[in-house]
Amino acid sequence: MTQTSHIRVQGLSKSYQEGDLEHAVLRAVDLDIAQGEFVALLGASGSGKSTLLNLLSGIDEADAGQIWLDGRDLVSLSENERTLFRRQHIGFIFQFFNLLPTLTARENVSLQLELDGAAPRQAAERAQAMLQAVGLGERGDSYPDRLSGGEQQRVAIARALVHDPLLVLADEPTGNLDEDTGELVMDLLERLTREAGKNLLMATHSLENAGRADRILELHDGRLRTRA
């Protein structure tokens, strides 16, 4: 069954120590994402976009605040609990693909399911179906170094969606692609997430990509605001 979720962030703060100085990256950020909403996140390099995505995925630990997803507060979970929650409920798409070079495209996608306890055959069948959905049904046995950048990102999209996540996070998903390939990848990402009713939060520098979203937010000086 397709899952949808409502995300609520309240008072989220994160700082990093730089020598003797403390650098506040996020300052009491509040955010609500409606079910099935596509939200774009703009901001200069170093503004905290990736930090916010890492907190929402449970990769990083917040200094203060709450992150409610599917009725659970991620901030209150232990590191192990956050890891399990991320594995089961979060899909993450990275700028540089982050595919495992020693695994085929199908194995990169099926690994997500096997880590959740799926039988290898079932995982492989589901992975193949997702590769078909992103137009790579014939490339399942190919290793990442045999795929173009656009093909690798399509594998990454399949990996992010194969376990039917509650939330999809995309960190500069076209930042390592040429303009035409990036547009094709964005068409695919938007279509698949909207068809499945997924929550999608995308960090980007591209105003064109952001223009596809239902809402555009901007991070500045650690604070989140709606872009006019």
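**Sheets, helices and enclosed space**

Tutor: Four strands make up an open sheet, in the order β2-β1-β4-β5, with antiparallel pairing. Helices (H or I, at least four residues) and strands (E, at least two) are DSSP runs numbered from the N terminus, and two strands pair if DSSP finds at least two bridges between them. This is a predicted model, in which local features need pLDDT of at least 70, side-chain atom pairs count only at pLDDT 80 or more, and totals for chains, interfaces and linings use all residues. Residues are numbered from 1 along each chain as its sequence is written, and side-chain values use heavy atoms, with hydrogens and water left out.

Student: What is the bridge partner of Trp 68 in β5?

Tutor: Strand β4 (residues 64–69) runs antiparallel to β5, and two bridges join them. In β5, the residue paired with Trp 68 is Asp 73.

Student: What angle does the direction of helix α1 make with that of β1?

Tutor: Helix α1 (residues 49–57) packs on the sheet and touches β1 (7–18), β2 and β4; contact means heavy atoms within 4.5 Å. Axes are lines fitted to C-alpha atoms, for helices over the stretch in contact, and angles run from 0 to 180 degrees between N-to-C directions. On that basis the direction of α1 makes with that of β1 an angle of about 120°.

Student: Which residue in the turn between β1 and β2 has a positive phi?

Tutor: β1 and β2 pair in the antiparallel sense over nine bridges, and Tyr 16 has His 23 of β2 as its bridge partner. The two strands form a hairpin with two residues between them. The turn residue with a positive phi, about 65°, is Gly 19.

Student: Which residue of β7 does Ile 93 stand opposite?

Tutor: Both faces of β6 are covered, with Ile 90 and Phe 92 buried on one side and Gly 91 and Ile 93 buried on the other. In a regular strand the side chains alternate between the two faces of the sheet. β6 pairs with β7 in the parallel sense over four bridges, and the residue of β7 opposite Ile 93 is Ala 170.

Student: What is the volume of the largest cavity?

Tutor: On a 1 Å grid over the protein atoms alone, a cavity is a set of points where a 1.4 Å probe fits but cannot get out; a pocket is an open set with protein on both sides within 12 Å along at least five of seven lines, and lining residues have an atom within 4 Å of a point. Grid points are joined across faces, edges and corners, and a volume is the space filled by probe spheres set on the points. The lining of the largest cavity includes Leu 55, Ile 67 and Arg 82. The structure holds one cavity of 30 Å³ or more, and the volume of the largest is about 50 Å³.

Student: Which element gives the most to the lining of the largest pocket?

Tutor: The largest pocket holds about 420 Å³ of space and is lined by 17 residues, with Arg 86, Phe 94, Gln 112, Leu 115 and Arg 159 nearest its centre. The elements that give two or more residues to this lining are α2, β6, α3 (105–115) and α5 (149–161). With four residues, the one that gives the most is α3.

Student: Is Glu 190 buried or exposed?

Tutor: Glu 190 lies in helix α6 (residues 179–195) and touches Phe 38 and Arg 212, not counting residues up to four places away in sequence. With a relative accessible area of 17%, Glu 190 is buried.

Methods: Buried means under 20% relative accessible area, exposed over 50%, partly exposed in between (1.4 Å probe, protein chains only).
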